[in-house]
Amino acid sequence: MYVHKIPNSHGTYETQGVLTTPDTNTIHGGTTGYAPTSAGPVGPNPLLPQRGIITKIITETPDTKTFCITGIDGTKPFSPQPGQLGMLSLPAYGEAMFSVTSQDDTHLHMAIKAVGELTNALHEIEEGQECGIRGPYGNGFPLEFCRGKDLIFIAGGIGLAPVRSLIEYCINHRADFGKLTIVYGARSYADLVFKEDLFENWPKVANKDLYITIDRAEETWDGHVGFVPSYIEELALSPSVAVVCGPPIMIQFTLANLEKMGFCPADVITTMEMRMKCGIGKCGRCNIGSCFVCLDGPVFTQEQLNAMPAEY
Amino acid sequence: MRKIAKTRIDDVLRALAPRYDLYVPVEGATTMRTPTATLWQEGLENASRFRLYEEGLPLYWRTNTGLSPKDLFFPQTEKMYTAISQGKTVEIKEESTNAWPIILFGVRSCDIASIDCMDRVFLQKGYEDTYYKNRRQRTLIFALGCSTHEDTCFCTSMGIDPKASPTADVQISDLGDAFGFTAQSPSGQQILASIDSLMSDAYTAQPVSPDPMLINVNLEGVTEKLETMFDHPLWDELSPRCIGCGTCTFLCPTCYCFDINHKSPTHAHIVKQRSWDSCMFVDYTCMAGGHNPRPSKTERVRNRFLDKLLYNRQRHGRVFCVGCGRCVSKCPVSLEIATVIQKIQAAEVTP
Amino acid sequence: MNENIIQVPDKSGISKIMREIAGDLLRQQTISLVIGWEKGILPNKSAPAFITQSQDAEKLIFDEYCYHNLTKYLLQRKGSGLKTAIFVKGCDSRSLVGLIQDNQIAREDICIIGISCPGLMEERNIVIPAKKCEICYTSVPVEYDFLIDCPETKTANDEPGGSYAHRELPRVENMTLDQRNIYWQKMFENCIRCYACRNTCPVCSCKECCFDQANPTWLGKGNSTSDNGFYHLVRAMHVAGRCVGCGECERVCPMNLPVMLLNNKLSLSIEELFDEPPASLSLDVTATLNHFKPDDPEEFM
């Protein structure tokens, strides 16, 4: 996979018109390389979705459902790394990029909140509905970097969806990682996603801390009440690798608090969300500076984001 | 070099047209010429552009076309696939591809440089774009050297030679009363050989040189300077003037942004297509939940010029302006790249 | 003699007076922004200028390339409560009246500096008058606080629609139905839907245009003859009765399409049907379709 280097602000540039590092896909010989006589087959079309079936729909919260998608032949459409994205479509409504929340041998799972035309339509469909699916896109979480380390997962609301793919990976490869700490919050108990994991599966995992909070007190809730950013301060987590995802305001305060608590910007990992259309770094709209979130992201470290224009 | 009198250029085109999809620069007003209507032929003005050659089309050789040839590789709206929903099933049908060879005849140096920009975007960096590649790889390019220029041209400031495009398959030179042809690739050689009987030797003919351009901008150091100018007041100063239309981006030969959308003959039957989009439009970056990372003109104007002069240099290795002057000529409010480069050069930055 | 009317000996003196007035206004701090024109990158290019410092008033110019109708920029200041001074030609002043009548801007928030227009020239050919001057119905601004008057003030057309409409409209009207159909189809086919005509139009003042709405989507991003036609026809209907004939839509069209022809036809039809003057010639007279009279003709119903 192509990995785009975050531009070094003091770097130098190649001579105008000359690429110093030829890409594997470069057409050599400039324009002349494209003579009709040498026309070869055009490769598989990365923008063409494959047919998929949504075999199971799980209601997570009043506005979030998890969709389980398999290929038309019953095999998994593709095998993403934790944190990678997939483009899901209902042809009559459109196409949008979602993070793959988890996967099994035959299915991809995507937890999707109803916010727009396509997602509202998705919330109306029944099991057995066919769809279009293409991917995987994006860089995913830096697994090698995380291996052997203690990991702190901090998520708010639907932000647990991308983080969950990494949590699941760590649980499945438990020996490869140190202590797992999960801090998760939502507006209310009803808004907590993946309740089965939160209250049944994850509590059984060895060497972990699981902290769940809701924004406002409820009669039936005997757990912690408060916002995620202040909760992590209360918990006085000792600095290690942190994976953060949630609504922009939560991310903003969480990152500030982590910095105060002594977390190194290179150890704070977050995933970005931008409007996307192609997923393959061509259509232009998901850029932050010269990075395309669909191709070079969506996962960035705080250190990388600090070097990029604050336009997201 | 071999040559043919300008008055006989139709002979060359007639010889090529049966074997290739031949695209030639055509004058504007004539695009509505149809056999049934003669009265009002000149009634509709229009910008000059590349069109499929037909006998009798008024060809436009004087300067560059109003619309760049980018739409031949990257049409403004292009079918991608069809999807038919029936009950719960969805069937996806790919568009069939065409293998017929194309000749792009009479492309100017600036637009050839822009094709290099487009190649970098659509054929490199991780993925090849199938739709672009399908057209691009069966196209031969005949470059046409400029003998004159528009007031708005500034390709020389961008390091481009208006008379020569070494990467084209054939270079056509303006010899005054004749066009000279020089093959620059094996395929170019083959084609020229096939029409050689129409031409005579040009011996020592020299291409006519254009006068010095009226607009001169200094690109040196602009990229490096822009790295420090993201928060510069220049963008607040420039952006009020922008009216947020898509003229600059749609005319720009290196602007490649697109939208993916569909049209639905019926709800069950949709045609997925992609079409040019513009970073100047408000909804371009607006997300489903309503959040917009570039909510005002300041961010959008800044992004466009940083993209042309900084981001693409970082990402694709070259500045994405070729000095064709289309934005200089057509921006309704003269917020064009030549002026902006001058303003960047003049801007004060605190280290 | 009105002290707010400044006579200049000839049109070359206009720029000097503009700078003086703008400089004074900014120095007195009664207004915080002056919108005028400055010189562009080429001799035959001028550009909108936004002046906030009195010393920058020196940039202001007026020449035969100051096509831009600047009045739409006032919408950017809407709701800010800040006072703005704006330079207008005769044609521009009508759209200013329209914006005030539509309650888009408040008369007291703006200082109007009118210029009796000596006429504009085509950018590419300095001997041909600009196309927008062919529909000019008033070269002297209809509303102003200051007026810069010059002896070369152009004589405006004495009929609404001007020579443009009287040349172009009959040509289309005399076509057979088939020919006319092809004519419009060809126009729509050549439109690239850059929205320059809409974005520059001073009477297109909606905060969010229906064509930009995402939910529901009235018009997608795809370019097709039918979608483009839908755009042009709907836009023509939306500005009908309010179009002031400033000609900006056609001037800005990068494809050189006859964009103002439809607007022109509608304006003339409305004037004829209701026997009322063209829109926005005076603050005291509301545009034809903005008021109702019991004896309004109803032939179209």
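## The A–B interface

In this predicted model, 59 residues of chain A are in contact with 69 residues of chain B. Contact is scored when two C-beta atoms, placed from the backbone, lie within 7 Å. Strands β4 (94-99) and β7 (129-137) of chain A each supply at least two residues of the side that touches chain B. β7(A) gives the most, with four residues. Strands here are DSSP runs of E with at least two residues, helices are runs of H or I with at least four, and both are numbered from the N terminus.

That side of chain A divides into 28 nonpolar, 21 polar and ten charged residues. Nonpolar covers Ala, Val, Leu, Ile, Met, Phe, Trp, Tyr, Cys and Pro; charged covers Asp, Glu, Lys and Arg; the others, Gly among them, are polar.

Residues are numbered from 1 along each chain as its sequence is written, and chains are lettered from A and ligands numbered from 1 in the order in which they are written. Local features need pLDDT of at least 70, side-chain atom pairs count only at pLDDT 80 or more, and totals for chains, interfaces and linings use all residues.

## A mixed sheet in chain A

Seven strands of chain A form an open sheet, ordered β11-β10-β9-β8-β12-β13-β16, with mixed pairing. Strands pair if DSSP finds at least two bridges between them. β11 (224-225) and β16 (299-301) stand at the edges with a single partner strand each, so one side of each lacks a neighbour in the sheet. β12 (241-245) and β13 (268-271) of chain A run parallel over three bridges. A242(A) has V268(A) as its bridge partner in β13(A).

Helix α6 (248-260) of chain A lies across β8, β12 and β13, at about 165 degrees to β12(A). Angles run from 0 to 180 degrees between N-to-C directions, with axes fitted to C-alpha atoms, for helices over the stretch in contact.

Helix α2 (90-101) of chain C is mostly covered: twelve of its twelve residues are buried. Buried means 20 or more other C-beta atoms within 10 Å of the residue's own; exposed means 12 or fewer; partly exposed lies in between. The buried residues of α2(C) pack against β4 (84-88) and β5 (110-115) of chain C. Just after α2(C), N103(C) takes a positive phi of about 60 degrees.

In helix α6 of chain C, D227(C), N228(C), Y231(C), H232(C), R235(C) and V239(C) are buried. They share one side of α6(C) because they cover an arc of only 135 degrees around the axis, taken from the directions from the helix axis to the C-beta atoms. On the other side, S226(C) and M237(C) are exposed.
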